[in-house]
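Q: I would like to learn how to read a few features of a model. Please walk me through them.

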Amino acid sequence: MALLVLGCGDDGVATGTDATSTGSIATTTTATPTTGEPPTTSGEVTSDGTSGATGDAGTSSTSGEPDTTTTDTTGPACPPASEGCPCGPNDACDAPLLCTAGVCQPPPPPACGDGVVDDGEVCDDANPDNSDDCLDTCQSASCGDGFVHAGVEACDDANPDNSDDCPDTCQSASCGDGFIHAGVEACDDANDLDTDDCPGTCQAAACGDGFVHAGVEACDDANDLDTDDCPGTCQAAKCGDGFVHAGVEACDDGNGVDNDACSNTCQLPVGCKNGQDCLVVASTGTGVVSLIEPAGYTVFDSFPGFVNALSVAPGPDGKLYVGQSNNIRTVDLVSKATAVIGGGLVNGSLYGITVRVDKIYASGSGMASIKVLTLAGADAGIVASPGGDNLRSTAFGPQGDFYLSSFGGGPGQRWSPGIVYVGTFGGGSGLSTGFGVTTRANGDVLIAGQNDAAYFIYSQLGVFKKKVPVNCVGQLRNIAADKNGRLYVGCYEANKVVVFDPTDISIKEILISTPAGIAVLSVLP
């Protein structure tokens, strides 16, 4: 059965199974023919692909123009709460999306600082503070991480060096921490013992530090006094140590000779004459060595036969040692026997002779060093003078310091006990030509200025104290001080010895020809 649909028109006619349209009327066949032929459509087709026939199958325009039909297939433009779309109510988003700036976005990847402890993180406190328990690396704070943990660490320099300001304990370097702080500590044994090698000062134990080093020191009073119970050796004061123990000893020359100026009991001998020192003078012009008693200053013994006697010193063996030219001549005070020693070992004019214990110290013009000999005249070495040649005289101080006067290099030079060179002194004090040198019991060093008409006083360490004029026309030569502090100055060209009291006031002039060598004799054998 065929259904024929006629569109609205004033002259359209349809016959049979075919539908024909004339003019602008469209005819559409929608029934399936029974003949098996496919349906045909005649007429014009509208722009949207539908025919202009009337009925349920479409809509025709009565004006003759085709109609246009629009259908909406997109739905809502962006569903709320979905990815990339606006957030839903209360900033809701489909899981696992997060509402970010009003738009649902995928959650960011895990990261340190997001407040969530992710894989590989020990902690995450979402702050950049590196002084708390959790660093901005999301690792727990620890010593050596380079950050100072507040309330836990005092420092953290992120290195394992234990000799700098911050050791690997992350506590500031300090004495007693067991680490030696370079440039600050000499040692650090991490204990509070002051008697071991490293006391609590973290400086190596040393005499004078105030701590008694067990097994090494007997005492340590941290002062430089050698006259108290604990001298500078940090051994208890005793007779024979070379230091005069104040109030206990009258003298201490540190040697085992009992008949010299200080007995082995550290008491002064009775004296040369009436308990006092005698003056010894060697005369160049006469070749005579004279002994002068200290009361009336008269000669009570003499020894002739010396050639160019320039210096003199008493020995511990009852002999006098006289410096001549190129040798030393001895004279026995009892037997009067003489002997020449040192030939070939000394040269030039021996202006200085000092005898201490068992050694002779000879110095003079033409000698670049102080020559040391045994009492028998054998070679015992030298004491090198950094000041060069043109040497004059030598002397030992009461504490064992050794002094040299010269025309150059000082004009004073000092060696500490043990004859360890310290340096020069006397420059700038007005002393130009140092000749004789001696010391007093208080440690003062006195040097006669050959062409200065004065002697100059220095401390034990060579610090200038004062200049004392001497009434002398011409050269001053050697000088000597006795145990009472009196001073004897040889006024060479004026043929006299000028005597000064311990306060450096001139009290006497002793007339004697060309007094070159001056010494004092404490004990007359």
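Q: Is Cys 187 buried or exposed?
A: Start with the ground rules. This is a predicted model, where local features need pLDDT of at least 70, side-chain atom pairs count only at pLDDT 80 or more, and totals for chains, interfaces and linings use all residues. Residues are numbered from 1 along each chain as its sequence is written, and side-chain values use heavy atoms, with hydrogens and water left out. Buried means under 20% relative accessible area, exposed over 50%, and partly exposed in between (1.4 Å probe, protein chains only). Cys 187 has a relative accessible area of 12%, so Cys 187 is buried.

Q: Which cysteine does Cys 187 join in a disulfide?
A: A disulfide is a covalent bond between the sulfur atoms of two cysteines. The rule here takes a pair of cysteine sulfur atoms within 2.5 Å. Cys 187 is joined to Cys 198, with S to S at 2.1 Å. The torsion about that S-S bond is about 90 degrees, so the disulfide is right-handed. Cys 198 is buried at 4%.

Q: How many disulfides does this rule count?
A: The count comes to 15. Among them is the link of Cys 155 to Cys 166, S to S 2.1 Å. Both cysteines lie in the loop between β4 (103-105) and β5 (278-283), so the pair ties together parts that are 11 residues apart in sequence. Cys 155 is buried at 12% relative accessibility. Cys 166 is buried at 5%.

Q: Which cysteine does Cys 207 join, and how accessible is Cys 207?
A: Cys 207 pairs with Cys 234, S to S 2.0 Å. The torsion is 95 degrees about the S-S bond, and the link is right-handed. The two cysteines are 27 residues apart. Cys 207 is partly exposed, with a relative accessible area of 40%. Cys 234 is buried at 2%.

Q: Now the strands. In which sense do β9 and β10 pair?
A: Helices (H or I, at least four residues) and strands (E, at least two) are DSSP runs, numbered from the N terminus. Two strands pair if DSSP finds at least two bridges between them. β9 (residues 319-323) and β10 (residues 328-332) are antiparallel, with five bridges. Tyr 321 has Thr 330 as its bridge partner. The hairpin has four residues between the strands, and Asn 326 in the turn has a positive phi of about 70 degrees.

Q: How many bridges join β10 to β11?
A: Four, and the strands run antiparallel; β11 covers residues 338-341. Val 331 stands opposite Thr 338. In this hairpin five residues lie between the strands, and Lys 336 takes a positive phi near 70 degrees.
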